[in-house]
Amino acid sequence: MKNNLFRQLVATPAGAGAFLLLAALYFAAALAPFLAPYSVSEQDLTRTYHPPCRLLWKDGRVHVQLYWNKDRTASAYEPVAGQTAPVAFFVPTQKNEKILGFIPCAWRFFSVEHPARIYLLGSDSTGRDVFSRLLYGAQISLSIGLIGICITFFLGICVGGLAGYFGGIFDHAAMRLTEWLMAIPGLYLLLSLRSALSSKFSDSGQIYIMIVLILSLLGWAGTARVIRGLTLSLRNRTFVQASEALGQTPWRILWLHLLPNLFSYLVVSATLSIPGYILGEAALSFLGIGIQEPSSSWGLMLSQAQEMKVFMLNFWWLLTPGAAIVTTVILFNILGDRLRDIVDPKFRMTP
Amino acid sequence: MQPTKSVECDGANGLRMFYSPSCAFVFATAILLAACFSSCARKESVKRKHLPPPVEADISGLPPGQHGGVFIQTSPGEPNTFNPLVSEDATSGSAIGLMLEGLTRYDPVREKVVPGLAKSWEIAPDMRTHTFRLREGVCWSDGHPLTADDVVFSFAAIYDQRFPNRGASDQTVDGHPHKIEKVDALTIRITAADTYAPFLQTIGWAPILPKHALQKNFDDGTLMKAWNIGEAIRNPDSIVASGPFLLHSFRPGERIVFKPNPHYWRADSAGKRLPYVDFVIMRFVKDFSASTVAFASGQCDAESITPDNVAWVKKSAALHDFTIHERGPSPNSSFIWFNQNPGKNKDGKPFVPAHKLKWFQNKKFRQAVSYGIDRRGIIDGVLFGRGTPLWGPETPANAKWFNPSIRQYNYSPKEAMKLLNEAGFKLDSNARLVDAENNPVSFALNTNQENPIRQNMATVFRENMKTLGIEVQLQFLDFGTFVSKIQDSFDYEAGLLGFTGGGDPAGGKAIYLSSGRLHQWNPCQPKPATEWEARIDALMNKQVKTLDENERKRLWGEVQEIMAEEQPFIYLITPNAYAGLKNKWKNIEVPRIGSIIWNLDEMFLAP
């Protein structure tokens, strides 16, 4: 069934495109230490608010245009005619960073010789490379959705599945709990949880885990309710009654008989709710209570671009994290829509 | 202009004092026009009630101008009160400052105390008894004479236990209030508990209140409730003023309009009573960037501009006919410090681990860190080159008290390494800095998250320290949490904050005295922990007790030298300050420190 679903998904251009683009994004995020020319916090105070560098072809290889700071007081840069630096590929590096935290990375994909710098997407207020920070930021912004969805669905399946299967007092208690959670305005609960916990967590890794936990602990209630409803309707089907009569344990029934029947719903709903986590992290970081400097995330980068000067002096490259968030969210929605069409043909839009 | 729009304007009934009803419509429209599109020139001049200036009026030294004009400011905050005893915030303070005056004033351009409501004063040979003489013929805005009784009443209100206010601690010397005596109707004798160098300046901070208007509230204990914003909305005329302006109308969420005080006690050399402008409008905006945008689009007349915004605001200077005045370094300092508090918390755990405390208490370690900070880089990169490196507690803005010959720590990782080696630190095989006991040097730097420039300084500091092999973890907290760490729980290693400085060094007692609450590296010490802190205590106490300005400069200069040598605060940078003002205003005098429109009463519209 899984294979079938995947084959149907990539059979249409929209589904295949969204899937491939998302795969490429996650791949790039995972390979950030290799793909990014600089580390996440490497500054260059002589090149702040540097515009994206032009690339050109010269002497049979890629060169990067060099710029000089025409007006320091306005960070106005101008290309120096004829001055370029060659871009080298597969450059060995001493930086001892690891891909996915365990594969040592001894090379950078591309780089230019010091003191020139390559800024594919310009630089920020302390001369850090926006492209590199986007890649490192993607690690956080993109993974938060996947981890969040795992926690949410685990909780949702446990609570919703058991409530639907056993019913009675357990069902009653679980559903009142979910109603209570859903009645609290989400954003405020999020903000108050964050500020209550903020003094306990200070390291950026801990903050990351805390944000995932907060987001998923607020998000499981809706999933649990739907799963409970689905389980309730499946519970009275003959194949479940048959397994009960055969003396199978509730866990086994849940796992072997109910879950496979819920699978299609879960896949669609997961795909459609990942953007919520990405946006949630971006919102928290944008408000200054998410990921902290010197780590990077798309929301944090965007919050640093909300100053008047960014608009007035046209530092447009600082808004690229916004474009990244929008693209990712749209791709997930397209993918989710396609999956739903496949799983539930009744909802398919007819032209 | 649509005639119906005049309905929206607040002017119509408030203007009745001075205008006939038919005129009111024209000027109500004019105010609205001016508030919305200030570039739109207004031709009519407002008819004002002109009374002859008092006998002993203060004559302005600036060229005389003519009456007229509307001055528009924007403010990101709104006043919470018009009662100077209640006021705690800057917006309320600046609104009250337009309406109430003290005995003395401070001229920020010439950096000296000048006569205010008091025309002159004498200091007795005991150096603590001051006899102030009020101006003859000065009246409150309602025409009631201003006399010594008002001064006695004001100080009685400030010192009254029923009315807790921050003026009470300003107006004390060593914790003792001044003795206030009325000599005759226009003469007051004020005796301080001891010689106090900035006495004349601080006495000017006490606003003189109208006894005839507030006596009833004083008697029944409701003085703190008087002149609240409700009162200002319903009955603006009840707020009696001695300053250049009075409240005309106050609309929360929209604007305050001030009108000239017909009884103001200053005049120009041509005998015209100040102020010149017909209205001052303080328009409320959402935040500082909205305020900057309002100025850049020509909607208001004056604005302070932060260094990073100067470049784009300047672009519309010709279009909206304004000039951005460069004021030089601002009086605001920023610094990093290490927690040197040797104390323990309730559970007997030290605030700072013993081995780290040893680094932090080592002068060479602090000096090395100071050498390792690229201040020029922060200025060029983050502040667009518009800033000044800082080496000691006084910024160059405070030219009178600034000591330029203190030790400087120009960026030099080599010098830093040399000092670290002398102090027993060395680099290990992983290029990490370790101390003599092989503990890797690493600490957490706390700062508040609201300030983007401070965040940038923290990330630059982290990179700079990496070059020295020191690992810095950054922790961004909200301001309240951070302050409670610094002042109550002391459980932090290093911090980055700033002070708003400027003014008399006596104001820094809480910071530099070892017993001070803001002596952040080790606050509230029962007795000075080190020799140099004891020396600073002695110098600070001596300098407030002497009136000889040169001697005070010498003493304060030595404090700056010690602070620069010992580096308990590792000073970073100060941004330069910029002030934008429309060119149509004359008599503009931009001071290095403080409000850019401090002499609003003397400013007039170019003919």
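**Where the chains meet**

Author: In this predicted model, 29 residues of chain B are in contact with 23 residues of chain A. On the side of chain B that touches chain A, the elements giving two or more residues are α9 (288-296), α10 (307-314), α14 (375-382), α16 (452-467) and β22 (471-477) of chain B. Of these, α16(B) supplies the largest share, six residues. By residue type, the side of chain B that touches chain A holds 13 polar, 10 nonpolar and six charged residues.

Within chain B, the strand to look at is β25, residues 573-582. Is this strand mostly covered or mostly open? Eight of the 10 residues of β25(B) are buried, so the strand is mostly covered; buried here means that 20 or more other C-beta atoms lie within 10 Å of the residue's own.

Strand β16 (residues 322-329) of chain B pairs with β25(B) over seven bridges, in the antiparallel sense. Strand β15 (residues 302-305) of chain B is joined to β25(B) by four bridges, and these two strands also run antiparallel. Strand β18 (residues 387-389) of chain B is joined to β25(B) by three bridges, again antiparallel.

Single residues show where these pairings fall. Ala579(B) of β25(B) stands opposite Ser304(B), and Ala579(B) is also the bridge partner of His325(B). Elsewhere in β25(B), Pro575(B) is the bridge partner of Gly387(B).

The axes of helix α9 (residues 250-286) of chain A and helix α12 (residues 320-343) of chain A come within 8 Å and cross at roughly 165 degrees. Because angles over 145 degrees count as roughly antiparallel, α9(A) is roughly antiparallel to α12(A). The crossing of the two helices, α9(A) and α12(A), is left-handed.

On the α9(A) side, the contact is made by Ser264(A), Val267(A), Val268(A), Thr271(A), Leu272(A), Ile274(A), Pro275(A), Ile278(A), Leu279(A) and Ala282(A). From α12(A) come Ile325(A), Thr328(A), Val329(A), Phe332(A), Asn333(A), Leu335(A), Gly336(A), Leu339(A), Arg340(A) and Val343(A). Sorted by type, the residues of the contact of α9(A) with α12(A) are 14 nonpolar, five polar and one charged.

Terms used. Residues numbered from 1 in each chain as written. Chains lettered and ligands numbered in written order. Predicted model: local features only at pLDDT ≥ 70, side-chain atom pairs only at ≥ 80, totals over all residues. Axes fitted to C-alpha atoms, helices over the stretch in contact; angles between N-to-C directions. Parallel < 35°, antiparallel > 145°, perpendicular 65-115°, else oblique. Left-handed = near helix turned anticlockwise from the far one by under 90°. Contact = placed C-beta atoms within 7 Å. Nonpolar A, V, L, I, M, F, W, Y, C, P; charged D, E, K, R; others polar. Buried ≥ 20, exposed ≤ 12 C-beta atoms within 10 Å, placed from the backbone. Pairing = 2+ DSSP bridges.
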